[in-house]
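Trainee: I would like to go through this model with you. Can we take the questions one at a time?

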Amino acid sequence: MSPNSNSTHSLSRRRFLALAGAVPALIAVPSFSRAALADAGTATTRKYPIGLELYSVRGQLAAHLPETLRAVAKIGYNVVEFYAPYCNWTIPYGKEVRTLMEDLGLRCYSTHNSFASFTPGDTMSHAIELNQVLGSRLMVLASAPAGTKGVEGWKELCGRLTTAVTQLAPHGLSAGFHNHQAEWAPLDGTQRIMEVIAANTPPEFVLQLDVGTCVEAGADSVAWIKAHPGRIKVLHLKDWAPGNPADEKGYRVLFGEGVSPWKEILAAAESVGGVEFYLLEQEGSRFSEFETAQHCLENWKKMRGEA
């Protein structure tokens, strides 16, 4: 079965009979971290959940989603983040995916979405329902709509995202934005796009930091985290190194093998940024997708003293 399948055949031993009634919308201000905090313990003893942005295994995911999730869980990940194609699923298929994740001990705290998921209409309603089914508490805008230009264009986008924050909250969901290299570019000679986004969205709007693109753009990731306390609730742990991708440089370096100052980044994220969980992400490497995911997790565990 592919991730875009409309099939409702069972993916696991158990039928997910009561899911629709088990994920009611939260009444209070949403916090996708509640489940993460329950799993992770207190701040002083906390072991942060480590997940995989499934774009890292996109080829395998497109070919066979259930087997991909099984492999990711076997490697040792306990969190996954689905990206935009998930929004093509039917609700019954989403329930089957949730059942499988529960069987495997996987959690989904966040998803990547196109801008249509933040615009009132059928797509937004469907995305909300799917996120509730999956147990997600954060919908991240994967990239800005085409044609977003200039300070005023970005401010207009921020206004629409701010509206989405209030629209998602009654459903137990938060909203966020995922940066790429382009968002670190200055718009008017002084303000960078990311600064415009941060200044024109509410404090509860999550700034999902893609570390590798920040480093490649020459921005100071540690200073960025410290300047936006409590808003860096999730990081994409993608590394980068100067050089030619053909020589396994650029984004083809494994996590921990590039030039990102990980010790300082993680310290800032945990002391100031408000990080709740981490997601490893890889564009590709000299290894297969699953081998890459495994090597990156091994490097993470070594870095954290968990190996």
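Trainee: Which side chain meets E67 in a salt bridge?

Mentor: First, the ground rules: this is a predicted model, where local features need pLDDT of at least 70, side-chain atom pairs count only at pLDDT 80 or more, and totals for chains, interfaces and linings use all residues. Residues are numbered from 1 along each chain as its sequence is written, and side-chain values use heavy atoms, with hydrogens and water left out. A salt bridge here is a side-chain nitrogen of Lys or Arg within 4 Å of a carboxyl oxygen of Asp or Glu. At 2.5 Å, N to O, the partner of E67 is R70.

Trainee: In which helix do E67 and R70 lie?

Mentor: Helices are DSSP runs of H or I with at least four residues, strands are runs of E with at least two, and both are numbered from the N terminus. E67 and R70 are three residues apart, about one turn of the helix. Both lie in residues 65-75, helix α4.

Trainee: Is E67 buried, partly exposed or exposed?

Mentor: Buried means under 20% relative accessible area, exposed means over 50%, and partly exposed lies in between (1.4 Å probe, protein chains only). R70 has 29% relative accessibility, so R70 counts as partly exposed. E67 has 41%, so E67 counts as partly exposed.

Trainee: Which residue forms a salt bridge with D210?

Mentor: The closest N and O atoms of this pair are 3.0 Å apart. The partner of D210 is K238.

Trainee: How many residues apart are D210 and K238?

Mentor: D210 sits in strand β6 (residues 206-210). K238 sits in the loop between β7 (234-237) and α11 (262-273). The pair links distant parts of the chain, and the separation is 28 residues.

Trainee: Where does R304 lie, given its salt bridge with E270?

Mentor: The side chains of E270 and R304 meet at 2.7 Å, N to O. E270 lies in helix α11, so the pair ties together parts that are 34 residues apart in sequence. E270 is partly exposed at 29%, and R304 is partly exposed at 26%. R304 lies in the segment after α12 (289-303).

Trainee: Which residues do salt bridges that share partners join into one network?

Mentor: The structure holds eight salt bridges. Those that share partners join D210, K238, E281 and E283.

Trainee: How many disulfides does the structure hold?

Mentor: The test is a pair of cysteine sulfur atoms within 2.5 Å. C87 is buried at 15% relative accessible area, and C108 is buried at 2%. The number of disulfides is zero.

Trainee: How many of the residues of strand β3 are buried?

Mentor: Strand β3 spans residues 107-113 and is mostly covered. Of its seven residues, the buried ones number six.

Trainee: In which sense do β2 and β3 pair?

Mentor: Two strands pair if DSSP finds at least two bridges between them. Strand β2 (residues 79-82) and β3 have three bridges, and F82 has T111 in β3 as its bridge partner. The sense is parallel.

Trainee: Which helix does the chain pass through from β2 to β3?

Mentor: This β-α-β crossover is right-handed: with the strands pointing away from the viewer, the path from the first strand over the helix to the second runs clockwise. The helix covers residues 91-104 and is α5.

Trainee: Which helix makes a β-α-β unit with β3 and β4?

Mentor: β3 and strand β4 (residues 138-141) pair in the parallel sense over four bridges. S110 has L138 in β4 as its bridge partner. The unit is right-handed, and its helix, residues 122-134, is α6.

Trainee: How far apart in space are V133 and E96?

Mentor: V133 lies in helix α6 and is buried at 4% relative accessible area. V133 and E96 are 37 residues apart in sequence. C-alpha to C-alpha, the distance is 9.5 Å.

Trainee: What is the phi of E248 near?

Mentor: E248 is in the loop between β7 and α11. E248 is partly exposed at 22% relative accessible area. Its phi is positive in a residue other than glycine, near 60 degrees.
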